[in-house]
Amino acid sequence: MTPINTEFGKKLEKYGGFDFNACYNCGTCTAVCSLSTETDSFPREMVRFGVLGMEDDIKSSLKPWLCYYCGDCTKYCPQDAKPGELMMTLRRWLTAEYDWTRLSGLLYRSLPLSIVAMLLVAAGVILFAIGRNFNLESVMHTGHIFEMAAIATVFTVILLPNIIRMWWFTIRKPGYKVPLKSYIKGIGELFVHMFTQKRALGCDDNQLRWFEHFILVIGYLGLLFTTVFLDWFSSTSLFVIIFGYLVSVIIFIVTIDFVYDRIKKSKEISKYSQPSDWVFVVWLLLMGFSAFAVRLFIDLKLLENNIWLYLFHLIVLVQWALIIVPFGKWTHFLYRSFAMYFTKITN
Ligand code: SF4
Ligand code: SF4
């Protein structure tokens, strides 16, 4: 028998929340959702599981990841219960459940703790620069090594074990028997969704938002590749330099639009922002902006006398790599892609 957690609603409140008492189970949310199908029906099922406290059933479900948060269900809910917000809240909660370190949950639940973590990272970077006597070349060299080491470490120590936990909760524990050849055959699905997020096109009137997300992903991956593998800040290749400028400008422009939407709250999707949503877009914006400014100062031969600019970029980068990527909203990008892959091989 499914265990019931009567305190589940209270637990969820710390991740965003949902008014379970408001829902009268009419099913409008599922009826209007363009992504809900006969076999993968949501969000009402998640609402019912939540009302009944069926925590384990939600943990073993991939459905919260199949929602791309268009907000239609929230718009048409006659009770103003905000089912789209519930799906978002469940994704935050699941992120915390998959994370073996439990740090995601702590940071989602506590804004002061998130601020302290960010400040500690900033202090660490400044102390490191003091230890290097603010020698620009030395700080930049270590900054570049850090980028490579952080990617490898965060992936192997945090993200990979968490994906294995997600697989355990959603495939192994519920008893799906998936042959190895299905894992191999379906792997393309993982990468297609990771790079294109094409399922979002299934939401009505979502083409522009999908396109913005698509070029943001391309811009982000492009900047990562250019700075980490092509060593943009030290490169003398005109192609690499121009490409770096281009991708950082893309990130900057798209994230400005996202921040503007969240401030304006004109769209359903940007009406309800949690601190983790703000941190994600603002830090992306700062990354694009500061990377662009650092390279510009290098080209204008001004960086030597303005090491603070590089330190600012390094602080943003280290906070991004050590907090937002492993424990924050960045992981949604990864889990969503794996959810599409797992759904494909279990259906
Ligand atoms: S539309 Fe609103 S009231 Fe109806 S089932 Fe969905 S959440 Fe509940
Ligand atoms: S937010 Fe959009 S995609 Fe998500 S459940 Fe609601 S209608 Fe469906």
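This is a predicted model: local features need pLDDT of at least 70, side-chain atom pairs count only at pLDDT 80 or more; totals for chains, interfaces and linings use all residues.
Tutor: Residues are numbered from 1 along each chain as its sequence is written, chains are lettered from A and ligands numbered from 1 in the order written, and side-chain values use heavy atoms, without hydrogens and water.

Student: Why is E97 called buried?

Tutor: Buried means under 20% relative accessible area, exposed means over 50%, and partly exposed is in between (1.4 Å probe, protein chains only). E97 has 9% relative accessibility, so E97 counts as buried.

Student: Where is E97, and what does E97 touch?

Tutor: E97 lies in helix α7, residues 83–98. A helix here is a DSSP run of H or I with at least four residues, a strand is a run of E with at least two, and both are numbered from the N terminus. Contact means heavy atoms within 4.5 Å. Not counting residues up to four places away in sequence, E97 touches K59, R102, R165 and F169.

Student: Why is R295 called buried?

Tutor: R295 is at 5% relative accessibility, so R295 counts as buried. R295 sits in helix α14. Leaving out residues up to four places away in sequence, R295 touches W232, F233, S234, S235, I241 and Y245.

Student: What makes K301 exposed?

Tutor: The relative accessible area of K301 is 72%, so K301 is exposed. K301 is in the loop between α14 (275–299) and α15. Phi of K301 is near 55 degrees, a positive value in a residue other than glycine.

Student: Is N25 buried, exposed or partly exposed, and why?

Tutor: N25 has a relative accessible area of 31%, so N25 is partly exposed. The loop between α1 (8–13) and α2 holds N25. N25 has a positive phi too, about 65 degrees, although N25 is not a glycine.

Student: Which residues are around ligand 1?

Tutor: Among them are C23, Y24, N25 and C26. A residue is near a molecule or strand if one of its heavy atoms lies within 4 Å of it. By class, the shell around ligand 1 has 7 nonpolar, 4 polar and no charged residues. Ala, Val, Leu, Ile, Met, Phe, Trp, Tyr, Cys and Pro count as nonpolar, Asp, Glu, Lys and Arg as charged, and the others, Gly among them, as polar.

Student: What makes the shell around ligand 2 count as it does?

Tutor: The shell around ligand 2 has 9 nonpolar, 1 polar and 1 charged residues. Its residues include F42, P43, G71 and D72.

Student: What joins F42 and P43?

Tutor: A cis peptide bond joins F42 and P43, with omega about 5 degrees. P43 is in the loop between α2 (28–32) and α3 (44–52).

Student: What makes a set of residues a nonpolar core?

Tutor: The members are buried Ala, Val, Leu, Ile, Met, Phe, Trp, Tyr and Cys residues, joined through side-chain atoms within 4.5 Å. The largest nonpolar core has 105 residues, and M166, Y310, W320, W330 and F338 touch the most other members. Helix α15 (residues 307–327) gives the largest share of this core, 14 residues.

Student: What is W320 in contact with?

Tutor: Leaving aside neighbours within four places in sequence, the contacts of W320 include Y220, F280, W283 and W330.
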